[in-house]
Amino acid sequence: KPRPSLDLAGTAEFLKSGACKSVYVLTGAGASTGAGIPDFRSPGGMYDSLRPELITATEAQRKRMRMDPVNVVMKDMFFQNQFPYLEVRRPFILGTQQQQWKATLTHWFMRFLEEEGLLKRLFTQNIDGLDYQTGISPELVTNVHGSLARVSCEGCGYEMPFDDFCAQVRTNVKDIYRTDPTAPAESSNINCPRCNAPLVKPNTVLFGSSLPSEFFEQLDDLNGADLLIVAGTSLVVSPANSVVMYVAKDCLRLIVNKEPVGQDLGIRYGKDATRDVWAGEVSCDEAFLDLIKMLGWQDKVRKIKHL
Ligand code: OAD
């Protein structure tokens, strides 16, 4: 295979060359920050702005558990007290129902790859469902950490209609997280109409739960990738981050992220790079706009009304 130069221009040339037939993508929260949804680990991100009493549920737990913001999305925590998860997720759940957020250019870029017959799979760690607004084929998308769009009971699996769930979130979950920083963190939950357990929540993957089985089944396909695009993820959460290791040794990897990530997974930057391209300290949307221009895909962007 001819070696593309390890920059955005080289990546664009490779995409246009016909030699690149198979593109895989892994996205994270940074793909949706342009739509107004905060990421997890940046300053001001979700884990940075949590109240301690939301992280640990009771005084006893506070003594026992490490003050780790990731607790709000831990399975153990949710089974003990549903309030932190529901409270923190409230704006996302209701924002999704009101279609508050619009797909960004980054989401659209993946759709363009599909239109060009290049996209083989989009692995997204995001639960916001913005990918689907572009009309991307759902069978090409793997929701590695589940999705907000469907709701079920963690106990018995009963599925609750999304709108019914939202109506209960509005009344049962108090929204103190954003509106009243001094209010006590009271317990609140949504009971399952079938088994009555207080365990109804969107089908997002909690730490301590397993990922959807299709994720593991699809990992081996990555061996056939000519290009892997990694966009807006810190690559610190396993096993989602293992996507970067499943591609073949000569597969070009494009990292679109404000900061270099994945060095511990073998991604190499600067003069050490042999097949990794970093788009630089730019936002995802800026980098993909540059690529779109280099690819001559501007007409595709003009057709999108809200961009
Ligand atoms: P993180 O918040 O860990 O990482 C987001 C990355 O995107 C950071 O490296 C940011 O610098 C970068 N970033 C933010 N905005 C950007 C922008 N506009 N352009 C370019 N880069 C930008 O989010 P994830 O990697 O998605 O899992 O987090 C992985 C998982 O950890 C999540 O799926 C979630 C969380 O705990 C579960 O809850 C199971």
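**Close-up views of the predicted model**

**View 1. The shell around the ligand.** By class, this shell holds ten nonpolar, 13 polar and four charged residues. Nonpolar means Ala, Val, Leu, Ile, Met, Phe, Trp, Tyr, Cys and Pro; charged means Asp, Glu, Lys and Arg; the others, Gly among them, are polar. Of the 27 residues around the ligand, those that come nearest are Gly28, Gly30, Asp39, Phe40 and Ser234; a residue is near if its C-beta atom, placed from the backbone, lies within 6 Å. The model is predicted: local features need pLDDT of at least 70 and side-chain atom pairs count only at pLDDT 80 or more, while totals for chains, interfaces and linings use all residues. Residues are numbered from 1 along each chain as its sequence is written.

**View 2. The two domains of the protein chain.** Domain 1 covers 8–36 + 103–145 + 211–302, and domain 2 covers 46–99 + 148–204; the bounds come from an automatic or database domain assignment. Four residues from domain 1 and five residues from domain 2 form the contact, defined by C-beta atoms, placed from the backbone, within 7 Å. The domain 1 side has one nonpolar, two polar and one charged residues.

**View 3. The loop between strand S7 and helix H10.** Pro239 lies between S7 (227–231) and H10 (243–246); helices (H or I, at least four residues) and strands (E, at least two) are DSSP runs, numbered from the N terminus. A cis peptide bond, with omega about 5°, joins Ser238 and Pro239. Leu235 is found in the loop between S7 and H10 too, and its phi is positive, near 60°, in a residue other than glycine.

Notes:
Two residues are in contact if their C-beta atoms, placed from the backbone, lie within 7 Å.
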